[in-house]
Amino acid sequence: MADVLSVGVNLEAFAQAISAIQALRSSVSRVFDCLKDGMRNKETLEGREKAFIAHFQDNLHSVNRDLNELERLSNLVGKPSENHPLHNSGLLSLDPVQDKTPLYSQLLQAYKWSNKLQYHAGLASGLLNQQSLKRSANQMGVSAKRRPKAQPTTLVLPPQYVDDVISRIDRMFPEMTIHLSRPNGTSAMLLVTLGKVLKVIVVMRSLFIDRTIVKGYNENVYTEDGKLDIWSKSNYQVFQKVTDHATTALLHYQLPQMPDVVVRSFMRTKYPRRAEAATQELKV
């Protein structure tokens, strides 16, 4: 790629042109610095004006000199060869209506992205080879039998234990009523009613909370066939916000060793506080 681009280009003049661009930028910066500083360091107004004009003219001459030098070097750089890697696709650049059919620019962009993809794929391959597990079929064949993977105990709790935990939580909060049902087998669904403020549908998998939906007290939480509606959102934006906060809290209340503590802490700290915030927002 570099050999193709270097054909027909004066690399020495190209390097000098880059230096000339840097010098031009520096001289332009000095012009703006002169305008920013203004007239100063002279006792009389006339002296300050003369010094400012002289300094400003010197900076403009420097800009003009650097610009002429850059134009001279640009003529010496030359043009790259016509033998570019896209071959006949370069003819697309001669299309007079590039705004309507920018095929050539899109091809160039795709070519650049393919080069970047190949480069990053090479880096990823090197990193993966350094961190290989060094396992082979022979080693797997002669190794001992694998032990069966132990299932998490919190996922195979008996339904009676889950019922006892929920009933204890229900007795802990007199202002909150919890109705437990199992319409889809062993997985429990809770309908939590907090005063006359809101209702919460909690979908559980053993003692893990999978999903929670918060709705207003006067909203319907059942489908047409009499089951809990675990998919539709609340009609009020306030309770939609409370649902988002409660769902975020699920990520923080995870303790596999003591799942009953997780459920109890989740009920205690989230729903009453969110209910107060919802009440305030409803009043507003």
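These notebook entries record what I looked up in the structure.

**Basis.** I worked from a predicted model, in which local features need pLDDT of at least 70, side-chain atom pairs count only at pLDDT 80 or more, and totals for chains, interfaces and linings use all residues. Residues are numbered from 1 along each chain as its sequence is written, and side-chain values use heavy atoms, with hydrogens and water left out.

**Helices α2 and α3.** I looked up helix α2 (residues 11-37) and helix α3 (residues 45-77), which pack at an angle of about 160° with their axes 9 Å apart. This makes α2 roughly antiparallel to α3 (an angle over 145 degrees). By class, their contact has 20 nonpolar, 5 polar and 2 charged residues. Helices here are DSSP runs of H or I with at least four residues, and strands are runs of E with at least two. Axes are lines fitted to C-alpha atoms over the stretch in contact, with angles from 0 to 180 degrees between N-to-C directions.

**Strands β3 and β4.** I then found that β3 (residues 198-205) runs antiparallel to β4, with 8 bridges joining them; pairing requires at least two DSSP bridges. M204 stands opposite I209 in β4. The hairpin has 2 residues between the strands, and S206 takes a positive phi near 60° there. In β4 (residues 208-216), 7 of the 9 residues are buried, so the strand is largely enclosed by the rest of the structure. Buried means under 20% relative accessible area with a 1.4 Å probe, protein chains only.

**T193.** I located T193 in strand β2 (residues 189-194). T193 counts as buried because its relative accessibility is 15%. Leaving aside residues up to four places away in sequence, T193 touches E175, M176, T177, L198, K199 and Y217 (heavy atoms within 4.5 Å).

Terms used
Buried < 20%, exposed > 50% of the residue type's maximum accessible area, 1.4 Å probe, protein only. Parallel < 35°, antiparallel > 145°, perpendicular 65-115°, else oblique. Nonpolar A, V, L, I, M, F, W, Y, C, P; charged D, E, K, R; others polar.
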